[in-house]
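Reader: I have a model open on my screen and would like to learn how to read it. Could you walk me through some of the features?

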Amino acid sequence: MTTIAGERAPDWSSEQWQVRARSWVDAQLSQTGRRVTGLVEPRLRPWSLVWRVPTDDGPVWFKANNPGTVHEAVLIAALAELTPDRVLTPIAVDPAQGWSLLPDGGESLRDVLARDPDLAHWERALPGYAALQLASASRADELVALGVPDQRPEVLAGLFAELLDDHEALLVGAEGGLSPEVHERLRAELPAYAQRCRRLADFGIPATVQHDDLHDGNVFAGAAGYRYFDWGDASVAHPFGTLLVTLRSIGHAGKLAADDAQLVRLRDAYLEVWTDRYDRRTLVEAADLAIGLGPVSRSLSWRRALDTPEESRAEYADAVPGWLEELFAASPLQPNS
């Protein structure tokens, strides 16, 4: 697996890197009249390092991304400009480093659902996310130029073909990876996949930012309303691809069958934002297509996230082939009508 643009993953454990990052955090906080009041609390993953930083005005959050997810910093800055009521406004970002410093967002939707598992919370949260996507659609080309991955339907089949050639990432024939038989089955699927991509593009629904990992742990649910965060998996893509992870995670958490009317209601709550532009039949067909195409996007986002030294990605390496194999799995939403 090669490193994105030939860049090396940073050594977040080195004292030199930590001193440099801490100096940046201190300098950014100083500009806002704040200061650090205690030790940072780290959380390390192959794709990012997060510090919870205590200050004299409450905690803030520093995040450093690896080369495969470095676009998150510039993306959250762009989204804060476009839809400031839908995301946290960063205290500071360093796009070149892939660093961001964010205020505390309060409790997550997961916290809320733990107390009150009513899916009406999701029914209210999804239209706001859809509104964010609509507001960002006119800037799709600009976001790609800034480094956000391009996974629009027009290019997705080509990315799928390229991914199939990456035997290392797909662990073809290795433990936890694709068997040679499944790999060939996926290759045989390419023409049909490309045809479905063309059909999705033909609807004319504009590409925009697509979170690609929108679950209840990535939504704040505070007094300011629902705000969406953790954009490291995001791409510029068909907006409805979001529904794959979102509906699957909701169904899993609630032990809901794929034909449960609650999932249909949530899909429709999300699609409602587009009904002044497209008829319901078109939106539902496009959503079904986008969900079915989505496993390739998820596999690609995991490959980017794991663009790190082999020893640090081993725990998660099977996610790349695992998501690609999901192309043959049932949809998380199979309504009776």
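Predicted model: local features only at pLDDT ≥ 70, side-chain atom pairs only at ≥ 80, totals over all residues.

Reader: What is the phi of Asp212 near?

Author: Phi of Asp212 is near 70°, which is a positive value in a residue other than glycine. Lys255 also has a positive phi, of about 55°, although it is not a glycine. Lys255 lies in the loop between H9 and helix H10 (261-271).

Reader: Is Asp212 buried or exposed? And is Lys255 buried or exposed?

Author: The general idea is a cut-off: under 20% relative accessible area is buried, and over 50% is exposed. Asp212 has 3% relative accessibility, so it counts as buried. Lys255, at 77%, counts as exposed.

Reader: Now to strands. Which strands does S3 pair with, and in which sense?

Author: A general point to start: in a regular strand, side chains alternate between the two faces of the sheet. Here, strand S2 (residues 48-53) and S3 pair in the antiparallel sense over six bridges. S3 also runs antiparallel to strand S5 (residues 99-103), with five bridges joining them. You can find Val60 of S3 opposite Val53, and Val60 also stands opposite Pro103 in S5.

Reader: What links S2 and S3, and which residue there takes a positive phi?

Author: S2 and S3 form a hairpin with six residues between the strands, and Gly58 takes a positive phi near 90° in it.

Reader: How many residues of S3 are buried?

Author: Five of the six residues of strand S3 (residues 60-65) are buried, so this strand is largely enclosed by the rest of the structure.

Reader: What is the strand order in the open sheet of three strands?

Author: The order is S6-S10-S7, and the pairing is mixed. Strand S6 (150-151) and strand S7 (208-210) are the edge strands, each pairing on one side only. S7 pairs with strand S10 (residues 235-237) in the antiparallel sense over three bridges. If you want to locate that pairing, look at Gln210, whose bridge partner in S10 is Ser235.

Reader: How do I read the packing of two helices?

Author: Two packed helices are described by the angle between their axes and by the distance between the axes. Take helix H9 (residues 242-254) and helix H11 (residues 280-305): their axes come within 7 Å and cross at roughly 90°. H9 and H11 are therefore roughly perpendicular to each other.

Reader: Which residues meet where H9 contacts H11?

Author: From H9 come Leu243, Leu244, Val245 and Leu247, which meet Ala287, Ile291, Gly294, Pro295 and Arg298 in H11. By class, this contact has seven nonpolar, one polar and one charged residues.

Reader: Could we finish with single residues? Where is His121, and what does its side chain join?

Author: His121 has its place in helix H4 (residues 120-136). With 10% relative accessibility, His121 counts as buried. A polar contact of 2.9 Å joins its side chain to that of Asp116. Not counting residues up to four places away in sequence, His121 touches Leu109, Val112, Leu113, Asp116 and Tyr226.

Reader: And where does Leu88 sit?

Author: Leu88 is in the loop between helix H2 (71-82) and strand S4 (92-94). At 14% relative accessibility, Leu88 counts as buried. The C-alpha atoms of Leu88 and Leu102 are separated by 7.0 Å, with the two residues 14 apart along the chain. Beyond residues up to four places away in sequence, Leu88 touches several others, including Leu102, Phe220 and Arg227.

Terms used: Residues numbered from 1 in each chain as written. Heavy atoms only, no water. Pairing = 2+ DSSP bridges. Helix = DSSP H or I, 4+ residues; strand = E, 2+ residues; numbered from the N terminus. Axes fitted to C-alpha atoms, helices over the stretch in contact; angles between N-to-C directions. Parallel < 35°, antiparallel > 145°, perpendicular 65-115°, else oblique. Contact = heavy atoms within 4.5 Å. Nonpolar A, V, L, I, M, F, W, Y, C, P; charged D, E, K, R; others polar. Buried < 20%, exposed > 50% of the residue type's maximum accessible area, 1.4 Å probe, protein only. Polar contact = N/O pair within 3.5 Å; in protein donor to acceptor, adjacent residues only side chain to side chain.
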